[in-house]
Amino acid sequence: MKKQSNATIKAHLLRSALIVLPLLAVCVVPFALAQGTYRGKPDELYGSRPQSRVVMPTCRLLINEGFDDIDNLPGWVLINHSEPLGPNGWFQGNDGVFPAFDGLSVAYIGANFYNGGGEATISNWLLTPEVGLQDGDTLTFYTRTIELSAFPDRLQVRMSTNGSSINVGTTSTDVGDFTTLLLDINPTYAMGGYPEAWTQFTVNITGVPSGTSGRLAFRYFVEDGGPEGTRSNYIGIDRVQYCGIPGVRGTPTPRPHPTPVPRP
């Protein structure tokens, strides 16, 4: 009788288990799918988007800078001609303000109202290395300011076709050899006119004579800026890429052809 009771109990337990297991599967599978989809907010990982999603262009990259360490930027030149001059220039990104577009959270270059002193005209330059310039080349980069900024920001992209020159003039309104304005972000200082999330900009190079070399420049240019001005807050620049189209850079030097010697 005891053996029969045990067998009955085991049968009931087995049947219950067969009923419960499908129910558990129904509950667990959606939860597992949700866990597989959610990987935290992008800012918790690599800044504003995951590092693995950065798309590398198929053209020839002459510049590819993510600003992991702004103390190690071979060929780049930093010049602050703000008037009056402030206590800082370009600086390593501060993830306490916002994280980088890609890479480590501080891997971008920043500028802010302290580029100038008091009420200032801010003119803070970031020059790329010298590159061969050719029609059809492109410059892409990402930039942003803080959300709900009450102090409008502005950024220019300029070009010099004078080789390795770093001449940007001497005053806050000079441009030196960088006379070609390629892009002007928020020139009217509109509130909200500067992107408040990482935004890609693309500049096309045109009208450049064959064999030209020069530099491109980012110019944080804000009138009535500084700590006591009504404009200028904080901007970041990240993932700068200069993309050269396939082709010959510069004018090749012709090779002499030997004079044919007649055979006897």
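A search of the whole structure, which is a predicted model, finds 12 aromatic pairs. In one of them, the rings of F67 and W76 lie with their centres 5.5 Å apart and their planes at 70 degrees, and because planes over 60 degrees apart count as edge-to-face, the pair is edge-to-face. F67 and W76 are both buried. Another aromatic pair, formed by F91 and Y234, is tilted, with 5.7 Å from centre to centre and 55 degrees between the planes.

**Nonpolar cores**

- The largest nonpolar core has 33 residues, and those that touch the most other members are F67, L139, F141, F218 and I237.
- In soluble globular proteins, nonpolar side chains tend to be buried together.

**Cavity**

- One cavity of 30 Å³ or more is found when the whole structure is searched, and the volume of the largest cavity is about 50 Å³.
- The residues that line the largest cavity are T145, S149, F151, P152, D153, N186, A190, G192, G193, Y194 and E196.
- Sorted by class, the lining of the largest cavity comprises four nonpolar, five polar and two charged residues.

**Confidence of the model**

- The chain has a mean pLDDT of 81, with 72% of its residues reaching 70 or more.
- Over residues 1–53 the pLDDT stays under 50, and for this stretch the model has 25 contacts beyond four places in sequence.
- Residues 250–264 also have a pLDDT that stays under 50, and here the model has three contacts beyond four places in sequence.
- Where pLDDT is low, the predicted coordinates should not be read in detail.

Definitions and conventions:
Residues are numbered from 1 along each chain as its sequence is written. This is a predicted model: local features need pLDDT of at least 70, side-chain atom pairs count only at pLDDT 80 or more; totals for chains, interfaces and linings use all residues. Side-chain values use heavy atoms; hydrogens and water are left out. pLDDT is the predictor's confidence in each residue, from 0 to 100. Contact means heavy atoms within 4.5 Å. On a 1 Å grid over the protein atoms alone, a cavity is a set of points where a 1.4 Å probe fits but cannot get out, and a pocket is an open set with protein on both sides within 12 Å along at least five of seven lines; lining residues have an atom within 4 Å of a point. Grid points are joined across faces, edges and corners, and a volume is the space filled by probe spheres set on the points. Ala, Val, Leu, Ile, Met, Phe, Trp, Tyr, Cys and Pro count as nonpolar, Asp, Glu, Lys and Arg as charged, and the others, Gly among them, as polar. A nonpolar core is a set of buried Ala, Val, Leu, Ile, Met, Phe, Trp, Tyr and Cys residues joined through side-chain atoms within 4.5 Å. Buried means under 20% relative accessible area, exposed over 50%, partly exposed in between (1.4 Å probe, protein chains only). Rings of Phe, Tyr and Trp (its six-membered ring) pair if their centres lie within 6.5 Å; planes under 30 degrees apart count as stacked, over 60 as edge-to-face and the rest as tilted.
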